[in-house]
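I list what I looked up, entry by entry.

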Amino acid sequence: MLALPLLASAAKSFSFTLHVSQYNVLAADLANNLKPWFWYGFRGVQPTVPHYTGDAFDEARLQTFGVGRSKLFIDLWCVAKTYLHLFDREPSYPYRIDALAQTGRPENAHPEGPAVALKGLLESATFDFFHRNTTNHAHGNKHLPYHLFDRNSNDYKIWERGLLHPLGYTFTEEEWKEAEALRQGIKTKCYDPVECRKAVDRFNAWLRRTLVCRRRHTHHKGALEHFELSEARIEEEFQEVALEIGTFLSLNESDLGRLLDYQHEMEWEVRSKSIVKEIESMQADVVGLQEVDRIEDLRDKLRRGGEGEREGGLKLAVFKHRKVRPYDDGCALFYNPKVLQLCRLRGQGGCMGAKGGEEDESLPAVAVIRYSGEAEAKQQLQQQQREEEEEEEEEEEEEEEEEKEVSKRRGSKAGAGKALFRSRLLMTEGIVGCEEVHEGDNDKEAPEKGQAMGGADKISTHKTEEIDLWSFTAPETLRRIHQEKWDERIAVVALLQHRATGRLILAASTHLAHSQDKPAAEAVRAAQVRQLDRALCEIRMAWLVGKEGEEGREEAVPTLIMMDGNDTPHLSCYGPHRAVVGEIEEGGKEGGKVYTPMYQTMAQELGHVDCLGEDYGPTSITLNRRYRIDYIWAKMGVEGKGKEGGKKNERGDAEGRGEKMVLEKVEVTPALDVQLAGFKNRGKYLVSHDEEATEAVYGLPLPAIEDQPCIPSDHLHVSAHLTFRVDRQGVGGREQKKEGEELLMEDS
């Protein structure tokens with residue numbers, strides 16, 4: 001173990017600089033999904049080529065989707081992806097549309113080309129979907145035909161407008177009454193698995209028969225009565241229905257060829273090389289990553305180091321999947337071990353420098369924060385609605401009512417008063433394992449020391465250690481049946497030490513709730529950052545200040561947050577309709593700008609500094625938008641305990657006992673000016689920003705085109721050099737530490 005470095009007692013002040021970077025790398029499973037199919041390469045029907053595929057549905061496609069890129073067509077494919085499981089890796093769903101990228105290789109080539117293969121996959125997926133029930137469906141009672149064929153659902157409205165109506169498959173009012181009666185029958189049987197399956201089968205049989213009759217009417221084959229069609233005849237003709245649906249959804253050879261070319265560029269084996277090169281080019285001392293799913297591969301590649309520019313590589317401090325089980329993407333923190341080192345905690349997660357405990361009893365100073373922002377935002381909305389109802393029913397004195405209202409609103413801010421729980425997780429080689437607690441769990445079923453925690457069920461020889469989990473719901477509710485109580489969003493936290501000066505840094509990487517330009521999602525993100533700030537305060541208290549009667553760290557420790565905030569600084573980025581007073585809390589409008597709730601909460605309410613500046617350029621660029629949604633936040637405040645604890649002065653600088661820390665200088669790496677690509681004469685070219693809406697075909701990520709380098713994610717990385725100055729006010733150096741106090745650091 002390394003002892004704490006000593007600083008000369010004569011030094012009244014000193015400075016040190018950290019290079020901090022933030023990057024959403026675009027998870028491999030997300031890239032290998034729907035995005036590359038319609039965000040990259042899709043042109044749609046062109047004015048000079050009205051016959052999209054040359055089949056019988058070209059005129060119907062033109063009338064339904066219009067010329068060029070069609071939002072309706074893309075939305076229709078989103079619905080098809082969900083219900084037909086087109087990208088699902090479940091073995092019972094052999095409809096891996098992304099596997100068509102392999103058909104271009106000679107050994108796997110379809111004899112009639114990938115367009116015919118696509119049509120066949122869509123036909124099979126459609127046919128199987130209409131025969132799916134609660135027993136033969138891998139996901140049980142979810143995304144079944146009776147879920148889709150609900151005339152009040154948005155999914156059905158898209159399905160009807162984009163597919164059923166053009167093909168002549170719309171239902172009559174009488175048929176909808178039959179459908180609703182069968183749907184109600186399913187709901188009444190939902191508690192009996194056998195009866196529920198039978199009820200779903202009855203709905204599916206009725207649905208197939210109805211669609212066949214609709215098709216016979218459209219094709220003028222004669223409207224036979226239902227009883228005149230045998231089950232065998234229904235199945236035979238329904239195969240034609242599935243073929244028509246699959247054909248109508250299909251792409252032409254030109255669009256499909258571009259999509260498959262891009263699919264190859266999106267494959268992790270190809271794209272990961274560019275991602276690693278991009279991260280190494282940052283030359284960062286600490287970097288926060290989001291949407292990481294191939295963590296073992298990325299960890300090993302970054303650990304091996306760069307290609308000549310850096311001696312050694314980056315080291316993983318902590319990674320956690322955003323879901324409670326160890327799968328899907330998550331957040332990670334990496335650091336340069338030549339500049340920083342990972343701290344360790346005494347005993348069972350005690351404060352830094354606490355007495356007692358042997359060396360092998362120390363624990364890594366890392367943690368996971370599990371948000372419950374959605375539940376908290378809903379609770380806040382319900383409380384506001386109750387308050388409004390009370391105002392209508394009761395008449396009270398105006399001044400007294402106003403005071404109560406202000407008090408209630410302050411107390412109901414999301415994240416401010418929700419209980420915070422501290423529990424334990426297991427971590428192996430920086431990768432944190434499962435959070436979910438299963439009913440009937442006992443000591444025998446708990447993960448054993450040495451079990452790999454990265455989603456693999458193999459035994460690892462690497463050491464498994466305990467770390468902190470801070471959650472805003474009780475640990476026993478971290479199960480899928482209680483998913484309404486917690487978010488599939490997290491933060492990972494690590495306490496790092498600057499080797500040259502011995503200063504401590506609390507770093508976090510987080511990814512907030514998705515969906516821009518939606519007030520409900522904006523409220524959730526505001527709740528999540530409040531919860532993040534509160535949890536970080538509690539972590540400081542636990543790790544740096546100590547328990548009652550114990551001595552803790554007394555120095556100022558800055559907090560750095562690398563964040564994919566999924567939100568812009570200003571509501572005006574979403575258009576003039578959002579840049580109005582009254583859409584966010586009081587104080588959100590300043591200097592003519594209306595801030596998003598997340599940004600206002602971080603910058604104004606919680607006192608974090610946006611190191612990049614609120615006018616930093618876009619960091620997420622697609623065919624539909626240019627948004628700045630990535631952040632590097634710094635906070636100098638120190639949470640103390642008791643009369644002698646650290647505090648924050650009026651200027652926001654951090655003050656420990658006898659010293660003060662300020663963020664002296666910020667040097668921001670300029671935002672990269674990215675152009676999107678168009679397609680002309682069978683080749684790619686960069687279009688101007690003014691032409692993007694009409695000419696751009698390819699969004700991010702882009703392979704290298706013309707003078708633009710390869711950009712392997714749908715986000716751009718952001719970086720800043722942060723210079724901190726520590727002013728000592730008549731206090732000696734670190735050699736004055738108390739007897740028996742020792743700060744444990746990670747082995748190098």
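This is a predicted model: local features need pLDDT of at least 70, side-chain atom pairs count only at pLDDT 80 or more; totals for chains, interfaces and linings use all residues.

Residues are numbered from 1 along each chain as its sequence is written, and side-chain values use heavy atoms, with hydrogens and water left out.

Entry: positive phi. I read that most residues other than glycine have a negative phi. I looked up Asn566, which is not a glycine and yet has a positive phi of about 55°. Asn566 sits in the loop between β14 (559-564) and β15 (589-590); strands here are DSSP runs of E, at least two residues, and helices are runs of H or I, at least four, both numbered from the N terminus. Asn566 has 3% relative accessibility, so it counts as buried. His143, also not a glycine, has a positive phi of about 55°. I found His143 in the loop between α5 and α6 (145-148). Its relative accessibility is 22%, so His143 counts as partly exposed.

Entry: whole chain. I noted 18 helices and 26 strands. Of the 748 residues, 53% count as buried.

Entry: Gly699. I located Gly699 in the loop between α18 (692-695) and β26 (718-728). Gly699 counts as buried because its relative accessibility is 1%. Which residues does Gly699 contact, leaving aside its neighbours within four places in sequence? I wrote down Trp39, Tyr40, Tyr262, Leu623 and Leu676, where contact means heavy atoms within 4.5 Å. Gly699 and Tyr40 are 659 residues apart in sequence, but their C-alpha atoms are 5.6 Å apart in space.

Entry: two helices. Helix α5 (residues 114-129) packs against helix α11 (residues 253-266) at about 90°, with axes 9 Å apart. Axes are lines fitted to C-alpha atoms, for helices over the stretch in contact, and angles run from 0 to 180 degrees between N-to-C directions. I therefore list α5 and α11 as roughly perpendicular; angles of 65 to 115 degrees count as such, under 35 as roughly parallel, over 145 as roughly antiparallel, and the rest as oblique. Pro114, Ala115 and Leu118 of α5 meet Glu253, Leu256 and Leu260 of α11.

Terms used:
Buried means under 20% relative accessible area, exposed over 50%, partly exposed in between (1.4 Å probe, protein chains only).
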